[in-house]
Amino acid sequence: MKTSRKLLTGIATLAISLHAHAYPGESIVLDPATGNYTITYRGDSNSTDLSQTVFVPSTKVVPSIRSGFHLGEKSAIVYRYTVSNGTTAKQAIVSVVLDQIIDPIVGELPFPLDQNETKENIDAYRAATKAALSTPANWYGSIIRVTNEDGSKLNRVAWRPKPPIRMGGIPAGHTLTGFGFSSVDLPGVGPSQMDGLGEVLGFPDEGPIESSAIKAELDRIRDNDFVTRPAAVPTIAVPVPFNAAVLLERIQTQMHTWIGMKLLDPTFSSQLDRYFQSAISAYRLNQPKVGKKQIETMRELIEKEHQDLGHDEEHDSDKSQEKNDDRQSALIGRLAARVLDFDLKYVLKRMDDDEDRGHKK
Amino acid sequence: MVTPTLNATRFVQSVSLTLALYFSIIVILSMTMIKPAHASGNVFPIQAPNNVGFLPAYILQFLSVSGTLAEMQAAYNAWLALPTTVCRNQYGPVNCGDISPFSSVVTGPFYTLCPAGYVSGGHDCHLIYPISTCPPHSTGAPATNPTSCTCDDPYVPDPTHSNCILDQYTLSLRIVPGQVEPGKQATVIATVINTVTQKPAAGVAVSIKVDVDAGTGGHAHHDAARPKGSLSGGGSTGPDGTVSFTFMAPEVSGTHTFTAQCDSPTCTNNPVTAKIKVKVDGLELITASPYYALQDSAGKVIGAVKNKHSDNHYLTNAAIKKLKDFAERYNGTVLPGAKLYLNDASLVWGGLFDVGSTPWKSPHTAHDRGRSIDIRAENSGGQYEGAVPFAYFDDTIKAAADAHARAALHCQGSIVTAVCLGIPYNRHFHVDF
C-alpha cells in the first residue's frame, strides 16, 4: 500500500513536472493519504528561494443529488433538488451549484450595475432572488450571471449555508431537501457541483509567480475543486411561438450530450434518432398525428428500460421513494430517461393544447 | 557727316520689328541648340552678365537711328535689352561663333566701347559666344565657355539643376505596433529618404536609443533605474531605405521615447523622435459603488501611496463585473451591510506594480493585467477598517468562488500555515478574476 501511494505521489509529481514548465524546484505533490496538495513554488521572480504551502481541497464529500421536476403554473417547470452526503465523507457539503442555466429563472431580476446600483434596485434584486429560489432553512441562494474575458458566459445558481459557513452544511450521512426554482425551459441533464469546506488557502508571500506553470496548475485544481453529479437542469429553451419540430430538435441535441456523460448508449441513441427525425419531419409537414405516434413510440422504448417514470414527478420530494437517479439500465440512465420522457410528454401536451384551442375557435 | 533725325514713329516700328525678328531667332536657336543632357550629375552653365557700353555710330546707322545723345542712348539701351545670347554684327544677327570685327571706329561725341557680347580687340570689337561658366563644385566641358557642367563627387544637382549640392537625407521613424503590452515586442522602422531625389537611401548607418518618460504609466516616482526595455537589431539602411530595430518592452508600463539619428552620412533632420505606449489595454477605473469601499473613512484612497502609486484601482471590465458580484454577496449575505475594502488592483496602464520597497521590482505578483485585486482581511498590521473578520474567511472565499473568482490569503513574512497565522501583519485576500 505504501509502495502504491509513493508511486501515485511520484506519478502526480512527475506528471505535473512534465506538463508544466516550472522553475527549478517547483512542484505540486498530491498526498493520496490525506488528499492534500503540497505546493512548492518561487514567490518572487528576483529570487530563487522557494516557498511552500498546503492546499486542502474541498472535495472530501460523497454527494448525491436527486432531481425532481414537474409542470407548474403558467407553463413553468418547477425544479426541486434533494442533496445527500455519504457516510464516508470527511467534509460537510457547503455548496450546491447548478451550472449552464442559460435563461433567467422565473422571478429573477438582473443584477444592478453602474447607474442602476441604487439602494432601491439592490434591495429589489435581493428580494427577487430570495423569492425566486427555494432554499432550505439556514441556507441562502444566489444567481450569478457574468461574462468571462473570452466572451463566454457563466450562469449558475448556488446555495450555501448562512455564514459562518463552518457552522452549517450537510454533514456526512445526512440529507437536505428544499433546493429549487422555476424555469420556462425544459430539463436537460447537466452537472451539479457540490463541495465541502477545505482550509483557507494562504501563501506566506505573494504566491506563485503569475507566469509560472505551477500557478496555472494550481488554478486548474482550484477551478475544479468540487464533486459533480448529474442533475436535471433547465437547458432546453422552449421556442416562442411554440414550434414542435424546433423543440424536438433541441431535445435531440441535448440528448446527444448524454452519450459523453455515459448516461446514454450510442446505439440506443441512434435508435431514438430515427424516431426523432420522423417526428420532426411530420410536424414540419403539418402531420401532428404522425408526429405524435413517433413520440409515443419513443416513450414506450424508454419505458421498457425504466418503469414508473411518472411516479418520480409525483413523489419527487418523498424521502421514502425507493427509486433514485443513480440506477442505470444498460441503455439509458434513469435520470436521463425521466428527463427525456418528461420533455417528450411536454411536446405532446403543448400540441394537444394547441389542438384544443383550435377546436374552440 | 549726316546728322540723323529722329522719326519717333518709324523708330518704334523699326524697333518692334527688330525685336520680333530677334525673338524669333532666339526661339529658333533655342529649339535647335543642343541642350546638355541633364543626367543626374549635370547642371546648366551660368550665363555671363550684361556689360554696359555704347554703340558705335554705324550701329546706330544700321538701326536708322539718329538724334541727340539722349535719343541715341535710348536706342542703345533698347538694343541692350535684347537677349545677350543673340550674337550680331553691324549687319545684324549672326550665328554665334562668327567673329566679325568692326571696320571702322567713330570718334566724336560717341564713345567707342564694345557692347555686351563683344570683346575689345583695340579698334575692333569682336563677337564672342555667350560667356558661360559652371556652378561651384562642378566641372565644365569644354573647360572654356562650357556647354555642360558635371557635379564633382560627392555633390549632386539640386532639383532645378542650377547648383551642385551635397546629397541630403531625411530620417523618419515608424513603430509597429504603435502600442505594446509590457514584456512584448515592437518593431521600430527607420526610413531614410534622399531629399533631392525623394528615393530611398541605402547604406545609411542609423543609431537609436530609448528612454522612458517620467511620471507615465501610473508611476509617480522616477529614477535612473526605471526599466527602459531593450533595443536590438539595426545597422545600415537596405535598398528600400529602411533598417529595423526590435524593442522589447519592460514589464513596467509607461511612455517610451525613441531617439534616432543618421550617423553616416548625417540626415538634415537629425535627431528624430517617436513615442510608444507600453500599456495593458482595456483597463477601467473601478468606480464608486454601494457594494465596496475604495476609500477609508478619512477619505484616503485605500492602498494609494503618494508620489509613488496614487492611482491603483484599475481592472478589466469583466473583472469589475465579477468584483461587484462578489462584493454584493459579501455585503448582502456573508456579512450583511459590510463592504469589502478594496486595496491595490492594477495601475492605470497595468504592468508591473512595484509595491515593494525596491522600486521597479516585484512583488505584487499578478497585479499587472487588470485581473487581480487585494482586499483587506483581519491582520495585525493596523489596517482594521473594513477588514474581513477571521470568522468569515471561509465564507468570503466561497462567495468569491460563486462569482467565478479565486481568493486566497497573502501574508508577507508570515509562518507557513493555511491561514497565514503567526505574524500576519499584512495579511490580505488576493483575488484573481
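Biologist: What makes β1 and β8 of chain B edge strands in this predicted model?
Modeller: Look at the order of the open sheet, β1-β9-β8, with antiparallel pairing. β1 (42–43) and β8 (138–141) each have a single partner strand, so one side of each is left without a neighbour in the sheet.

Biologist: How do you know that β1(B) and β9(B) pair?
Modeller: Pairing needs at least two bridges between the strands. β1(B) and strand β9 (residues 148–151) have 2 bridges, in the antiparallel sense. Within this sheet, Val43(B) stands opposite Cys149(B) in β9(B).

Biologist: Why is Tyr169(B) called buried?
Modeller: The cut-off for buried is under 20% relative accessible area. Tyr169(B) has 12%, so it counts as buried. This residue is found in strand β12 (residues 169–176) of chain B.

Biologist: Which residues is Tyr169(B) in contact with, leaving aside its neighbours within four places in sequence?
Modeller: Among them are Val192(B), Ile193(B), Ala201(B), Val204(B), Pro265(B) and Cys267(B). Cys262(B) is 93 residues apart from Tyr169(B) along the chain, and their C-alpha atoms are separated by 8.6 Å.

Biologist: Why is Thr396(B) called buried?
Modeller: Again, buried means under 20%. Thr396(B) has a relative accessible area of 1%, so it is buried. Leaving aside neighbours within four places in sequence, Thr396(B) is in contact with Phe326(B), Tyr330(B), Val334(B), Val388(B) and Phe429(B).

Biologist: What makes α5(B) mostly covered?
Modeller: Count its residues: 9 of 10 are buried. Thr396(B) is found in this helix, residues 393–402. The buried residues also include Phe393(B), Ile397(B), Lys398(B) and Asp402(B). After the helix comes His404(B), whose phi is positive, near 60 degrees.

Biologist: Now to chain A. Why are α5(A) and α6(A) called roughly antiparallel?
Modeller: Two packed helices are described by the angle and the distance between their axes. Helix α5 (residues 266–284) and helix α6 (residues 288–305) of chain A cross at roughly 160 degrees, and their axes come within 7 Å. Angles over 145 degrees count as roughly antiparallel. That is why α5(A) and α6(A) get the label. Their crossing is left-handed.

Biologist: Which residues of α5(A) and α6(A) meet?
Modeller: From α5(A), they include Phe268(A), Leu272(A), Tyr275(A) and Phe276(A). From α6(A), they include Val290(A), Ile295(A), Met298(A) and Leu301(A). By class, this contact has 12 nonpolar, 5 polar and 2 charged residues.

Biologist: How do you know that α4(A) and α5(A) are roughly antiparallel?
Modeller: Use the angle again. Helix α4 (residues 244–260) of chain A and α5(A) cross at roughly 170 degrees, with axes that come within 9 Å. The cut-off is over 145 degrees. Therefore α4(A) and α5(A) are roughly antiparallel to each other. The contact is made by residues including Leu248(A), Ile251(A) and Met255(A) of α4(A), and Leu272(A), Phe276(A) and Ile280(A) of α5(A). The residues of this contact divide into 13 nonpolar, 4 polar and 3 charged.

Biologist: How many helices and strands are there in chain A?
Modeller: Chain A has 8 helices and 12 strands. Of its 361 residues, 49% count as buried.

Biologist: What share of the contacts in chain A with a separation of 6 or more comes from residues 24 or more positions apart?
Modeller: Such residues account for 70% of those contacts.

Conventions. Residues numbered from 1 in each chain as written. Chains lettered and ligands numbered in written order. Predicted model: local features only at pLDDT ≥ 70, side-chain atom pairs only at ≥ 80, totals over all residues. Heavy atoms only, no water. Helix = DSSP H or I, 4+ residues; strand = E, 2+ residues; numbered from the N terminus. Buried < 20%, exposed > 50% of the residue type's maximum accessible area, 1.4 Å probe, protein only. Contact = heavy atoms within 4.5 Å. Axes fitted to C-alpha atoms, helices over the stretch in contact; angles between N-to-C directions. Parallel < 35°, antiparallel > 145°, perpendicular 65-115°, else oblique. Left-handed = near helix turned anticlockwise from the far one by under 90°. Nonpolar A, V, L, I, M, F, W, Y, C, P; charged D, E, K, R; others polar.
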